[in-house]
Amino acid sequence: MHIIVLIKQVPEMDKVLFDSEKGRIDRKSAGVEVNPFDLNALETAVAIKEQTGAEISVLSMGPNRAEEALKEAVARGADNAYLLSDQKFAGADTIATSASLAAAVETIGAYDLIIAGEMSVDGDTAQVGPQTAEFLNINHAAYVSELISLNESEITIKTSLWQANYSKSFSYPLLITVTKDINTPRLPSFKAKLKARKAEVKNLTLADIKEKLKIDKVGFKGSPTWVDNIVVPAEISRKTKVFSEEEKESAYHKIKEILIEKNLMED
Amino acid sequence: MAAKKELLILAEYSQNKIHPVVFELLNKGQKLAEKADLNLSVLLLLPKKIDFSELIAHGADKVYYMEDPVFANPDEFIYKENILSFLAKAQIEIVLTGATNFGRSLAPRIAAGLKTGLTADCTALDIDEAGNLIQIRPAFSENILAHIKSDSRPQMATIRYQEFKKGTADRSRQGEIIALETKIKDNPNLKDIKKLSDREINIAEADIIVAGGSGVKNGEDFKLLKELADLLGGQLAASRDVVDAGLIAKEYQVGYSGQRVKPKLYFAFGISGAPQHLAGMKEAETIVAVNTDPSAPIFNLADYGIVADLYQVIPELIEMLKN
Ligand SMILES: Cc1cc2nc3c(=O)[nH]c(=O)nc-3n(C[C@H](O)[C@H](O)[C@H](O)COP(=O)(O)OP(=O)(O)OC[C@H]3O[C@@H](n4cnc5c(N)ncnc54)[C@H](O)[C@@H]3O)c2cc1C
Ligand SMILES: Nc1ncnc2c1ncn2[C@@H]1O[C@H](COP(=O)(O)O)[C@@H](O)[C@H]1O
């Protein structure tokens with residue numbers, strides 16, 4: 001069994017500073033990390049590997065420094081790492097990204113399962129998974145919160161759709177996107193980290209995947225959407241009335257007033 | 001004269017009803033369609049035909065539908081195959097759909113199938129002078145609003161539930177109802193699909209929310225918050241930290257990776273006010289925060305703050321409300 005995990009390197013969103021005048025994050029203000037949801041995707045693959053002896057390849061599209069993210073994935077249990085990197089991929093939206101990733105997947109070779117995170121914390125679209133599945137013309141299941149069962153020919157997952165929980169069983173190939181609920185990623189051991197530093201990351205460029213590509217252009221030129229304008233929303237600043245411990249009673253009165261005012265009191 | 005092009009709302013029909021986001025989109029869609037000189041249409045895929053007059057009363061000029069038992073289950077592959085076969089022949093300028101889990105899973109497949117642009121989770125929409133759709137979405141932990149445009153057709157967007165208001169029904173409106181053939185009924189790779197359970201908790205629609213964070217020490221203590229919520233006819237909710245700690249189920253989580261809520265009144269008990277939590281509740285009409293730490297960031301957003309122990313405040317509030 002061969003599993004491909006899609007990994008994105010992202011800015012550390014809880015540390016990164018935001019320049020509200022320029023309307024963009026200051027990328028230098030924080031480091032980069034593996035998209036947190038992708039660690040759940042990788043952990044899912046590693047758990048399957050432990051059960052079945054599957055082989056895990058990780059794939060990322062991004063600049064050269066994304067090699068670090070792939071090496072971390074190797075430390076956490078991946079066997080092969082592929083970095084899809086080319087100047088021409090710059091400025092890609094989700095369509096251009098997914099089409100490029102799909103072409104890279106087909107270039108890597110035969111696979112049974114592709115696992116992506118539910119969303120990336122910087123792109124935040126949750127689109128790349130399902131779109132990659134479409135470019136590959138395979139089934140996908142999004143919002144997977146549990147792997148119910150799995151064998152050489154079939155996989156059963158739990159997903160949340162239509163305000164309900166469903167189980168779905170598929171034959172391979174399949175792409176799934178996983179939520180945080182599926183597992184708790186383990187930390188790599190020190191030894192594994194050391195070994196991963198020497199791991200070989202295979203480079204793929206546009207030329208390597210061109211044959212398999214289903215769109216005419218990649219990167220910004222192959223992207224149907226673009227950001228036309230950026231607006232920094234007015235801070236929702238509220239006038240806060242703070243009550244101290246001693247003023248609790250007046251606070252309760254205020255709450256009662258609000259309930260009456262908003263017609264929220266139960267009769 | 002060539003027929004007018006269309007703004008199509010892809011409607012989610014689930015749990016034996018049309019998802020309420022569809023009516024919000026009809027209300028907004030009417031204004032957009034007028035501005036861009038388009039007809040407003042709805043496409044539904046459903047296991048059994050229903051009365052579509054509500055859709056027309058709320059603004060639809062045309063209702064397209066496919067009726068087949070296969071649409072009793074959420075199988076994205078079958079849906080997208082059939083929707084793509086319809087879109088290939090239709091004159092559609094804009095496709096809008098609700099950013100429900102199913103919408104967010106299905107819309108990207110359709111966009112990729114058409115190689116057209118798709119913007120996720122829009123909170124506002126407009127039409128520019130040239131008649132193009134402006135897709136507005138928060139980005140970078142809600143720090144900015146990005147205005148996005150597409151140079152491909154149709155222009156596609158998913159829109160968050162409860163961003164737009166449902167309009168009033170006009171029962172004198174006329175509309176066309178058009179049956180479409182379900183072309184693809186089989187998905188050879190899907191071996192089995194079944195519903196396990198309904199998610200009964202729906203915090204997104206509550207008028208009052210009583211939320212607890214790490215200030216709540218254990219799962220048992222959430223009963224205290226539940227008692228207050230019940231007394232107010234409200235809904236219990238939580239921050240991610242207590243969900244992660246296993247004190248309460250994921251369905252209750254408010255925030256960036258949980259539910260977005262817009263209640264009339266939001267109580268935050270023992271919640272510090274991290275940006276990812278605020279992302280889910282900052283649009284509540286009135287926010288009351290109770291926290292022992294006077295410097296907790298939640299006090300910057302709250303309308304009313306009480307610097308006190310939640311374990312004292314909640315019983316006292318319950319006592320007062322009972323009288
Ligand atoms: C990618 C990502 C996604 C995330 N998504 C979400 C999300 O969807 N939702 C979410 O909530 N968080 C989310 N987070 C986590 C978020 O950053 C915070 O860690 C989390 O919201 C903190 O939860 P808290 O306020 O309950 O806990 P804390 O930050 O620990 O705050 C607890 C507060 O309780 C107060 N307190 C303690 N005891 C008492 C008492 N007896 N009475 C009154 N007050 C008391 C303390 O003063 C403190 O302010 C996300 C983080 C990341 C990185
Ligand atoms: N550039 C990329 N390289 C590899 N995987 C990606 C990339 N962008 C997105 N993904 C995958 O797609 C998921 C959803 O991302 P997004 O659509 O940006 O929210 C992520 O969790 C990753 O698994």
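Visitor: How many residue pairs are in polar contact across the interface of domain 1 of chain B and domain 2 of chain B?

Guide: The model is predicted. The rule finds three residue pairs in polar contact there, both residues at pLDDT 80 or more. On the side of domain 1 of chain B that touches domain 2 of chain B, one residue is nonpolar, one is polar and three are charged.

Visitor: What makes B:Glu163 and B:Lys262 a salt bridge?

Guide: The closest N and O atoms of B:Glu163 and B:Lys262 are 3.6 Å apart. The cut-off is within 4 Å, for a Lys or Arg side-chain nitrogen and an Asp or Glu carboxyl oxygen. Therefore the pair counts as a salt bridge.

Visitor: What area do domain 1 of chain B and domain 2 of chain B bury between them?

Guide: About 660 Å², with 37% of it on carbon and sulfur atoms.

Visitor: Why is the site of ligand 1 called shared between chains?

Guide: Because residues from chains A and B surround ligand 1. Of the 28 residues around the ligand, those that come nearest include B:Ser239 and B:Asn291.

Visitor: How do you know that B:Ser239 makes a polar contact with ligand 1?

Guide: A polar side-chain atom of B:Ser239 lies 2.6 Å from an oxygen atom of ligand 1. The limit is within 3.5 Å, so the pair qualifies. B:Asn291 also places a polar side-chain atom 2.7 Å from a ligand 1 oxygen atom. Taken alone, ligand 1 exposes 990 Å², and the protein buries 80% of that.

Note on methods:
Residues are numbered from 1 along each chain as its sequence is written. Chains are lettered from A and ligands numbered from 1 in the order in which they are written. This is a predicted model: local features need pLDDT of at least 70, side-chain atom pairs count only at pLDDT 80 or more; totals for chains, interfaces and linings use all residues. Side-chain values use heavy atoms; hydrogens and water are left out. Buried area is the accessible area (1.4 Å probe) that two parts lose on being put together, summed over both. A polar contact is a pair of N or O atoms within 3.5 Å; within protein, one must be able to donate a hydrogen and the other to accept it, and residues adjacent in sequence count only if both atoms are side-chain atoms. Ala, Val, Leu, Ile, Met, Phe, Trp, Tyr, Cys and Pro count as nonpolar, Asp, Glu, Lys and Arg as charged, and the others, Gly among them, as polar. A residue is near a molecule or strand if one of its heavy atoms lies within 4 Å of it. Accessible areas come from the Shrake-Rupley method with a 1.4 Å probe; for residues, only the protein chains shown count as cover.
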